[in-house]
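Please keep the sequence and the coordinates at hand while reading.

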Amino acid sequence: MKYWASIAALFVLALTVALAPTNDYFFYAAFVVLQFVVLATAWNILGGYAGYVNFGAGAFFAIGAYTATVLFKWLGAPLAVQIAAGAAVSGLLGFGTGLLTLRLRGIFFAIATVAVTFVLETLMINWRYVGGATGLQLVRPAVMPPFESYTRMLFVVMAILALVSVCVARYVQDSWIGRGLRAIRDSEEAAECSGVPTLKLKLFACTVSGALMGAAGAPMPMYLAFIEPASSFSLNYSVSALAMPMIGGTAHWAGPVIGALLLASIQQIVTVTISSEINVLIIGVLLVLFVVAAPDGVLGLFRRWLRSSK
Amino acid sequence: MIFSFDLLTEALLFGVLLGCFYAAVSIGLSVSFGLLDVPNVAHPALMVLGSYCTFLLAERGLDPILAGVALMPVFFVLGVLIYRFYYESFEKRGTEAGVRGLAFFFGVAFIVEIGLILFFGVDQRSVAAAYIGSSWSLGDYRIPYRMLVAFGVALVLTFGLTVYLSKTFTGRAIKAVAQDEPALRLMGANPVRIKQWAFGIATAVSALAGAMLIIVSPVEPAMDRLYIGRTFCVVVLAGLGSMTGTLAAGLILGIAESIVLMFLGASWAPAVAFGLLLIVLGVRPQGLFGR
């Protein structure tokens with residue numbers, strides 16, 4: 001009950017902020033931060049609970065974005081339809097990738113997701129309809145009444161997606177699905193022997209994770225009013241989607257949220273004040289530091305601190 | 001699409017040269033990932049680092065190949081250190097090494113790449129040598145000397161490593177550690193030291209591979225991403241840890257890429273390695289020459 005109340009409160013908060021007379025830049029930055037909350041949470045469903053590293057978050061993200069673009073250009077579909085379709089196509093992509101490689105060891109899954117990224121990027125580069133390598137300019141439709149600008153509306157949409165993805169992650173974690181996934185992470189053979197339907201669960205996690213990443217990417221073309229392969233498929237998304245949960249803590253749904261809020265905010269500040277290379281470097285260095293020195297992330301550090309202060 | 005027999009022959013010829021080059025850049029990974037089972041996704045990044053070191057030495061007048069050879073001891077030490085660190089942080093702790101180890105190497109690859117961008121900028125760099133730029137006319141075909149040089153070094157490297165692994169004592173020890181680590185431990189050998197040595201060799205080889213990379217084409221810091229696909233494609237297609245398999249798999253990839261390049265255009269080429277990799281993973285994950 002308390003949980004649903006706080007979810008509702010966060011939604012109302014996002015809505016009031018979006019309607020309040022604040023600087024528009026805030027929404028540009030907050031949109032990106034929330035986008036990373038969705039990406040990191042989605043990554044964690046497969047990577048954190050089941051222990052399968054997806055290094056192709058960029059692919060799922062971009063496929064969501066490109067699905068939205070195609071629907072928009074072809075039918076002029078509204079944003080909600082774009083997001084739903086983006087999620088569906090990316091979910092299918094996750095299912096397909098999983099079917100191909102989840103029978104193999106984890107490293108092969110990771111490499112296969114990198115491969116999927118590059119293959120799809122090449123396809124998009126060679127697809128004239130969506131602008132090929134040069135990209136495609138999009139004209140945003142008129143903004144809906146209660147909002148002042150399109151960016152503010154997208155901010156609220158992304159806030160909803162972030163809340164939805166956290167709810168999904170929490171549900172997965174607390175249900176038998178999460179227990180099964182954790183059993184897979186600890187020992188796949190033991191899980192299989194104890195009657196856990198390992199392949200089914202992995203495919204489920206892969207599909208849900210992919211779908212959420214696709215949903216995160218779908219509003220991107222409208223946000224930029226532009227789409228282009230190199231930046232959509234950027235490995236920076238993939239690294240961030242992996243680094244944020246690792247840094248926040250992978251065992252609990254709150255980990256990726258903390259990691260994403262922390263890192264994406266740092267990134268936004270560093271990109272504006274220093275340079276975009278440094279911001280990627282920070283992600284890389286923090287990832288290595290945490291993986292080596294604090295394998296349970298910020299959450300783990302926090303728990304240890306709680307225990308020691310008692 | 002224009003199809004002619006001449007073009008096909010040229011594509012095949014170029015593919016063979018390219019294939020040997022791909023085998024040479026993958027052979028280090030074939031040792032570190034194929035034999036030692038270390039998820040070394042940072043291998044291509046270290047190779048690009050080797051290219052840039054070669055570039056620095058070549059600027060001071062050293063021949064690129066000699067520069068690559070000179071870098072090998074340095075990279076050997078680097079490899080030993082990386083493995084030592086990896087072992088202490090992940091392998092020793094045992095559980096869950098998979099996810100974190102992989103994340104660690106991705107992180108290392110990223111740090112190397114961004115470090116290169118910060119230090120050298122995103123522009124392409126290349127080296128100069130007598131054999132770069134000119135080509136050898138063979139009948140109607142023109143073969144660039146730089147490809148021939150890479151071809152030669154690749155063959156020497158592959159056969160050198162094959163002989164090393166099958167004939168010398170340490171080489172056999174490396175193969176033994178790949179086959180059965182606990183058994184090796186029972187024989188009184190220290191598997192960690194052998195792995196450390198082997199990982200050092202794999203990294204040293206990547207320095208020479210990096211020198212060849214900058215001979216064959218100009219390099220840029222983000223190039224390692226493309227080579228993640230090429231090297232892993234070759235190693236998986238070869239069947240993990242098979243040296244002669246690596247050569248064969250390199251040839252397959254080289255010819256496939258060269259044919260696509262010739263008949264479909266350069267914009268499709270990056271997908272060849274990754275597409276082939278996906279097909280192999282789906283159809284025959286143990287590779288062509290897998291155990």
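What pLDDT does chain A average, and what percentage of the residues score at least 70? In this predicted model, chain A averages a pLDDT of 88, with 99% of the residues scoring at least 70. For the complex, the predictor gives an ipTM of 0.86 together with a pTM of 0.89.

**Confidence**

- Within chain A, helix α1 (residues 2-19) of chain A has the lowest confidence, with a mean of 83, whereas the highest belongs to helix α9 (residues 198-217) of chain A, at 94.
- Chain B has a mean pLDDT of 86, and 97% of the residues of chain B reach 70 or more.
- Among the elements of chain B, the lowest mean pLDDT, 74, falls on strand β1 (residues 135-138) of chain B, while the highest, 93, falls on helix α2 (residues 43-59) of chain B.

**Build of the two chains**

- Chain A contains 15 helices and 2 strands, and the C-alpha trace of chain A spans about 55 × 45 × 40 Å along its principal axes.
- For the 310 residues of chain A, a compact globule would have a radius of gyration near 19 Å, and the 19 Å of chain A agrees with that.
- Chain B contains 11 helices and 2 strands, which follow one another from the N terminus in the order α-α-α-α-β-β-α-α-α-α-α-α-α.
- Taken along the principal axes, the C-alpha atoms of chain B fill a box of roughly 60 × 45 × 35 Å.
- The radius of gyration of chain B is 19 Å, in agreement with the value near 19 Å that a compact globule of 291 residues would have.

**Contact between the chains**

- Chain B brings 32 residues into contact with 34 residues of chain A.
- On the side of chain B that touches chain A, at least two residues are supplied by each of α4 (97-120), α9 (224-238) and α11 (269-283) of chain B, and the largest share, 14 residues, comes from α4(B).
- By class, the residues on this side of chain B divide into 22 nonpolar, 7 polar and 3 charged.

**Helix packing in chain B: α1 with α8**

- Helix α1 (residues 5-35) of chain B and helix α8 (residues 191-216) of chain B have axes that come within 9 Å and cross at roughly 160°; because this angle is over 145 degrees, α1(B) is roughly antiparallel to α8(B).
- The crossing of α1(B) and α8(B) is left-handed.
- Among the residues of α1(B) in this contact are B:Phe21, B:Val25, B:Gly28 and B:Leu35, which belong to a group meeting residues of α8(B) that include B:Phe199, B:Ala202, B:Ser206, B:Met212 and B:Val216.
- The contact of α1(B) with α8(B) divides into 15 nonpolar and 4 polar residues, with no charged residues.

**Helix packing in chain B: α10 with α11**

- Helix α10 (residues 243-263) of chain B packs with α11(B) at an angle of about 145°, the axes being 9 Å apart, and the crossing of these helices is right-handed.
- B:Leu253, B:Ala256, B:Glu257, B:Val260 and B:Leu261 of α10(B) meet B:Ala269, B:Val272, B:Ala273 and B:Leu276 of α11(B).
- This contact of α10(B) with α11(B) has 8 nonpolar residues, no polar residues and 1 charged residue.

**Helix packing in chain A: α12 with α15**

- The axes of helix α12 (residues 235-248) of chain A and helix α15 (residues 297-309) of chain A come within 3 Å and cross at roughly 5°, which makes α12(A) roughly parallel to α15(A).
- A:Met246, A:Ile247 and A:Gly248 of α12(A) make this contact with A:Gly297, A:Val298 and A:Leu299 of α15(A).
- The contact of α12(A) with α15(A) has 4 nonpolar and 2 polar residues, and no charged residues.

Definitions and conventions
Residues numbered from 1 in each chain as written. Chains lettered and ligands numbered in written order. Predicted model: local features only at pLDDT ≥ 70, side-chain atom pairs only at ≥ 80, totals over all residues. Axes fitted to C-alpha atoms, helices over the stretch in contact; angles between N-to-C directions. Helix = DSSP H or I, 4+ residues; strand = E, 2+ residues; numbered from the N terminus. Parallel < 35°, antiparallel > 145°, perpendicular 65-115°, else oblique. Left-handed = near helix turned anticlockwise from the far one by under 90°. Contact = placed C-beta atoms within 7 Å. Nonpolar A, V, L, I, M, F, W, Y, C, P; charged D, E, K, R; others polar. pLDDT = per-residue confidence, 0-100. Rg over C-alpha atoms; globule rule 2.2 N^0.38 Å.
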